[in-house]
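Hi,

Here is the structure I promised to pass on.

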Amino acid sequence: VKEATYTRLCSTKKILTVNGQFPGPTIEAQHGDTIYVNVYNQGKQNITIHWHGVLQPRYPWADGPEYITQCPIKPGGRFRQKIIFSTEEGTLWWHAHSDWSRATVYGAIIIHPKVGTRYPFPKPDAEVPIILGEWWKEDITKVLQQMHDTGGDPNISDAFTINGQPGDLYPCSKQGTFKLTVDRGKTYLLRLINAAMNIILFFAIKKHNLTVVGVDAGYTKPLSSEYVTISPGQTIDALLSANQKPDLYYMVARAYSTGSNHHFDNTTTTAIVQYKGKYSNPTSSSSSSSSSSLPSLPFYNDTNAAFSFLGGLKSLADKKHPIDVPLHIRNRIFTTISVNSFPCQDNNNCAGPNGTRFAASMNNISFVNPSTALLQAYYQHTNGVYGDNFPDMPPFLFNFTDIFLPLNLETPKRGTEVMVLDYNTTVEIVLQGTALMGGIDHPIHLHGYNFYIVGFGLGNFDIYKDPLKYNLKDPPLRNTVSVPINGWVTVRFKADNPGVWLLHCHIDRHMTWGMKTVFIVKDGDQPEERLLPPPPDMPRC
């Protein structure tokens, strides 16, 4: 991990990278592999690396979130991280999990099928990572510091990127635009990753449908769509058939953002699908930057379009890829996810709503990171680092999605509260968005687990009616789920991975404000059901 100089949008700056590359190197493995990654911190700030979506069975020590599973790797330090692949197959990714370093410290993880096995779809002619990101002209540490100092929203990004490049529609960017060269008649597996910091994205390719065959390193029933919706943290495997006349075609990504009082980057990033061969008009309108040459995407706040796509995703659920949806639930958790505010300590000069400071919470608790690693405290039975009183119900029951809510509901409590689960218990979590501060969509990510998304909807969750509509036959299995603005999602999983696992919003400003909690899953009775010991070179606080 080291600084490197990069030029984007007519300006040059130093960014944090891995091996000087942006995006970082792709890690390739096969189903069931264990690999080791030696992380050397040659930068100027603390760093941790998270292997997003890798379950790390019984081994949270290398999972990566700062002060949750490990102390950060200090400048000049190193950490040999053991990455244990188990059931994952498809596309995942790695990224920094300390402060906002992940703005530039990220890359793809590709897990191929075992030798002798095949994809559950025709083998593509080539595979291409497509990583969507955000770019700030300003140093990202200054963006974060200003947000801390003012208590307001962070400055929005100056561009979105595809494989590190903003594309034709931005100044000084056309020459670097990413190009995917294709042969007519061939099929390409696009490994889509949303590495953006603070925004859900729509993605499409002009005159080409995408056939989704996997999400979050698990296979799905084939879903053909003109566009996809992809949240920060999520991955999508999609087949692109090069079946159009030879020409140049734009692929684009643009924001899906629903917050009523929230500013967002409304620019469009582009890359080019370039067919091989001679064209009758090599400078056709498809390669110009006119709006007619761009694929049509849903309007930026079209919730129905966003969730129409997400609702179409189903697990493959066949003999070779069975599913195991928990049907008898022992632990039911209902948690609100809210953007909140704290009173300003500086004479109401803060930049949040009405002079306050922005905050965020789950069940009205705004999570405070401990000063040492929570996993280490749990393993060594150290008292005073965390509490185990995260509630399984909101402390206040109210009309969560009413646009007129009492101001006293906007202020949460601060705390480092976790929820303790017995090994192998079955868990259902209802994630309920609220209209506090106007409401917005929330991509929620669980470390150490995949979960089945059995239901979602707009408005308040109805405990009597909504479970009757759950999909228990072929729900998608994911590690990150989008909770719709002023809506709800229900997920289920079996707590069969002992350890300390973070649950958080993958919009980084929300996570920084406190929208997270931790599950501690206790050991089982058998040796193979217990937490493995830590490595000898664990970083120390």
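Below is what turned up, starting with the cores and moving on to the rings.

Keep in mind that this is a predicted model. Its largest nonpolar core has 66 residues, and Ile130, Phe203, Val212, Ile236, Met251 and Phe309 have the most contacts inside it. Strand E18 (residues 248-256) supplies the largest share of that core, eight residues. Another core, of 41 residues, lies apart from the largest one; Ile337, Val339, Met362 and Val491 are among its members.

Now the rings. Searching the whole structure gives 21 aromatic pairs. Tyrosine 119 and phenylalanine 121 are stacked, because their ring centres are 4.8 Å apart and their planes sit at 10°. Both are buried: tyrosine 119 has a relative accessible area of 15%, and phenylalanine 121 has 11%.

Phenylalanine 334 and phenylalanine 400 make a tilted pair, with centres 5.8 Å apart and planes at 35°. Phenylalanine 334 is in strand E20 (residues 331-342) and phenylalanine 400 is in the loop between helix H3 (374-379) and strand E23 (413-415), so the pair ties together parts 66 residues apart in sequence.

Last, take a look at tryptophan 135. The charged end of lysine 13 sits over its ring, 4.7 Å from the centre, and arginine 8 lies over the face of tryptophan 135 at 5.8 Å from the ring centre.

Cheers

Technical notes:
Residues numbered from 1 in each chain as written. Predicted model: local features only at pLDDT ≥ 70, side-chain atom pairs only at ≥ 80, totals over all residues. Heavy atoms only, no water. Core = buried A, V, L, I, M, F, W, Y, C linked by side-chain atoms within 4.5 Å. Buried < 20%, exposed > 50% of the residue type's maximum accessible area, 1.4 Å probe, protein only. Helix = DSSP H or I, 4+ residues; strand = E, 2+ residues; numbered from the N terminus. Phe/Tyr/Trp six-rings, centres within 6.5 Å; stacked < 30°, edge-to-face > 60°. Lys NZ or Arg CZ within 6 Å of the ring centre and 35° of its normal.
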